[in-house]
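User: Can you walk me through the packing in this one? I have the coordinates open.

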Amino acid sequence: LIVRAAREVFSVSGLKGARTRDIAARADVVESVLFDHFESKEALFEAAILAPLRQAVAEQTEIARAAEGGDSHADNSIK
C-alpha cells in the first residue's frame, strides 16, 4: 500500500515536490509508518519509482536481445 501510494504521489509531484504526509494520507497510514518501513523519502522513491523502472528496462532489454538472436551484445544493464 505504501509503495503504491508513493508511486501515485511521486508520479504527480516528483521527488522534490512529494511530501511524505501526502504519501501517508494516500496510503491511509500515519506518517511515522512510512519511516518504519523506509529510511527516507529517497529510499521510498527508490522502491516506488526507480526499482520498478530498472526492472522494466531490464526486461525490455532481454526481450530485445532475444528478438535480435541472443546475447551478442555486451551487458549494458542499468545499475
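Predicted model: local features only at pLDDT ≥ 70, side-chain atom pairs only at ≥ 80, totals over all residues.

User: Which residues touch the most other members of the largest nonpolar core?

Analyst: I2, A6, F10, I23, L34 and L44 do, in a core of 14 residues. Helices α1 (2-17), α2 (20-27) and α4 (41-68) each supply at least two residues of this core. The largest share comes from α1, with 5 residues.

User: What does L34 touch, leaving out residues up to four places away in sequence?

Analyst: L34 touches I2, T20, I23, A24, V29 and L44.

User: T20 then. Buried or exposed?

Analyst: T20 is buried, because its relative accessible area is 13% and the cut-off for buried is under 20%. The residue lies in helix α2.

User: What does its side chain make a polar contact with?

Analyst: With the side chain of E31, at 2.3 Å. Not counting residues up to four places away in sequence, T20 touches E31, L34, F35 and K41.

User: Switching to α2 as a whole. Which residues are buried there?

Analyst: T20, I23, A24 and A27 are buried in α2. Viewed down the helix axis, these buried residues fall within an arc of 100 degrees, so they line one face of α2.

User: And which are exposed on the other side?

Analyst: R21 and A25 are exposed there.

User: What covers the buried residues of α2?

Analyst: The cover includes α1, α3 (31-37) and α4.

Notes
Residues numbered from 1 in each chain as written. Heavy atoms only, no water. Core = buried A, V, L, I, M, F, W, Y, C linked by side-chain atoms within 4.5 Å. Buried < 20%, exposed > 50% of the residue type's maximum accessible area, 1.4 Å probe, protein only. Helix = DSSP H or I, 4+ residues; strand = E, 2+ residues; numbered from the N terminus. Contact = heavy atoms within 4.5 Å. Polar contact = N/O pair within 3.5 Å; in protein donor to acceptor, adjacent residues only side chain to side chain. Arc of directions from axis to C-beta.
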